[in-house]
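This report describes the fold, the nonpolar cores and the pocket of a protein chain. Please consult the sequence and coordinates shown below.

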Amino acid sequence: MEDEAHPRFEAAIYRLGPRTLVPLDRNRIESYTDPLSNQMTFSQKDMRQILHGMVPGDLPVSEKELRLLLHELTHHASFANVVGYARSALATSVCGRASMGMPPKAPPALWLAERDDLVLRFHEMVFEPLVEGLALFAEHDIQWGDSPYTSHPLSHVWSLFLFKKAGAAAFEAFKALSTGTASRALEGGKTAYTNWINDYLIEQRTNEYWLEAKARLLSQPLLSEDMPPYLLGYLATKRVYLKLRQANPGYQDTDMFLHLQLKYWFSDQKTGDLLTRIDDCDVLEVQSTLSQMTELFQGKWDDLYRRPGKIAIELLADMEDPKETSYVSELELRCGIRVAADSLNLFVPKFHKHRLVLRLGMMRVDIRSDGTTRIAKLWDTQAKAPLLECPIAPLADIGDFPGSIEIVRTYDGRVTAIVVLAETGLIAVRDLFSATWNSSELVELFDDLPSFEYVEASVAGYRKSPFISRWSDNDYFQGLNEHQMKSAYDLSLSAYSQLILPGQKLDQRNKAIAELAAHGFQSLYPDDRDFNDLVLLSTQFGGPGKLIASVASKLDRTVIQLTSQLKGFNAVSQAALGIDIFEINDKTATSAI
């Protein structure tokens, strides 16, 4: 499909800046997960709600917080592994933070940072639909399943917000069945536990706020110059889920599907090795690297479709028995070349050290730290009102200064803490569910967690590549940049459109892409009533699908009416796109959008 120049071809800039590195003050940010630091900028949490008397598994959470948490926690998992660490190292290099080595000779030689910039942006353009598609799948589709494994996003949402009420539902069911056999009572409790969580998720996803978010997604252009390829990635992920569960019943569990896809794509050693090569700093060699990345990307899709069951077994075996090594891998050494200058610099925030820490909420405060009483008083910066008093950590600064109070969590969820930070470091810390401040374990764990002020003071050095002018001022490099980014764009569009529109020829795919180009599915269903019904049914039949009779009863329709409506939506999509958007099997239906 002929494509005009895409704006992302032009800039040798990695998407960095103060708003993306830490959760900044709530009036100035959006929810975002920064690939370099893997810090979640999460703007929705009201910190005042959770500073006192919280119960594990029963924290307050709004529908908006829940939706964005599922999305951003999936990004956090995507960046917290081999591929994520490699991307972070390359981003550090691109910003001119790494040791540069000997200057390159005339073209085709490249600085390491120039090589990293080209490779990083190629990778991002190819992987961005997958990254966003999996996050949107978590947001709109994952449910609690029967697997002993839980995905990163659902694990944290469950353990922070859901397990207390789910446990209460299970206990009530167990009591009600306790007069029968023990196995029957246990099974009833387990079913009640699962049902409570999934009923809660579907209730949230079908409220007005969440349906509006789904409507915005489905009415977006398939590809846009102004936003990431959300719709392209989401449709591809949904179609992959339907295809894999058809090939192997183990993928029916939506959360297990997400868990395996995150590991399959983002813990891949070969991808990490190609990203971090250091022996390809000239044009011909870097083009060879990009060709190998293309082949690997296409090959992994082919392999996933050919042997989904065996891949799942291999991934699960690795989770059960992770390979421990006592040596530093070549990939770690190549990443180290790029991040060592920052990691060893006392005046640079320790972004790489804390890449796995979840930062779930933050507010700005004014701090008065008293060296005599060893007490800190905090005032809400916006409201100018007292917030709390707490003992200070042993090496905390003394005096009056701005700072922040945050909710942070370890990657494995074992520690959830309140931290008070100022520019030079930690002021105080306590477990969220304890009244004891500044235990030695927590002080050591979060002592050099970068504060908002520290990041703000350091971030100018991460704003853009010092080599950016080479891509626009030099005809040779401009041509190279345009050629490689166009190749990445074409690869991305071709790969994901083939996933969405399986078995179609190029002209058929181009026609379907054109149908969705301007307003997504709203172009196919221009009547607002039809489109809103489509959005509702795509949510009701989301995830693993549902019994048509169950949804019909909930919506006060007959099974015949609802089945006819689903088939009507399919007839329109078949005519325009050549695919069904609802998979109807016997008495169930599953949405493909």
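## Overall architecture

How many helices and strands does the secondary structure of the protein chain come to? The chain has 21 helices and 11 strands, taken as DSSP runs numbered from the N terminus (helices H or I, at least four residues; strands E, at least two). The model is predicted, and local features need pLDDT of at least 70, side-chain atom pairs count only at pLDDT 80 or more, while totals for chains, interfaces and linings use all residues. Residues are numbered from 1 along each chain as its sequence is written, and side-chain values use heavy atoms, with hydrogens and water left out.

Of the 593 residues in the protein chain, 55% are buried (buried means under 20% relative accessible area, exposed over 50%, partly exposed in between; 1.4 Å probe, protein chains only). The accessible surface comes to about 25400 Å², with 54% belonging to carbon and sulfur atoms; such areas follow the Shrake-Rupley method with a 1.4 Å probe, and for residues only the protein chains shown count as cover. Among contacts (heavy atoms within 4.5 Å) with a separation of 6 or more, 71% join residues 24 or more positions apart.

## Nonpolar cores

In soluble globular proteins, nonpolar side chains tend to be buried together. A nonpolar core is here a set of buried Ala, Val, Leu, Ile, Met, Phe, Trp, Tyr and Cys residues joined through side-chain atoms within 4.5 Å. The largest such core has 145 residues, and Leu-378, Ile-405 and Phe-521 have the most contacts inside it. Helix α4 (residues 112–140) provides the largest share of this core, 13 residues.

Leaving aside neighbours within four places in sequence, Ile-405 is in contact with residues including Met-47, Leu-51, Met-362, Leu-378 and Val-419. A second, separate core of 13 residues includes Ala-393, Val-408, Leu-442 and Val-443.

## The largest pocket

A pocket is an open set of points on a 1 Å grid over the protein atoms alone where a 1.4 Å probe fits, with protein on both sides within 12 Å along at least five of seven lines; lining residues have an atom within 4 Å of a point. The largest pocket holds about 2000 Å³ of space. Of its 50 lining residues, Asn-81, Val-82, Lys-263, Ser-267 and Asp-318 are the closest to its centre.

Elements that give two or more residues to this lining include α3 (82–94), α9 (254–266) and α12 (308–320). Helix α12 gives the most, with 5 residues. The lining divides into 19 nonpolar, 15 polar and 16 charged residues (Ala, Val, Leu, Ile, Met, Phe, Trp, Tyr, Cys and Pro count as nonpolar, Asp, Glu, Lys and Arg as charged, and the others, Gly among them, as polar).

Definitions and conventions. Points joined across faces, edges and corners; volume = space filled by probe spheres on them.
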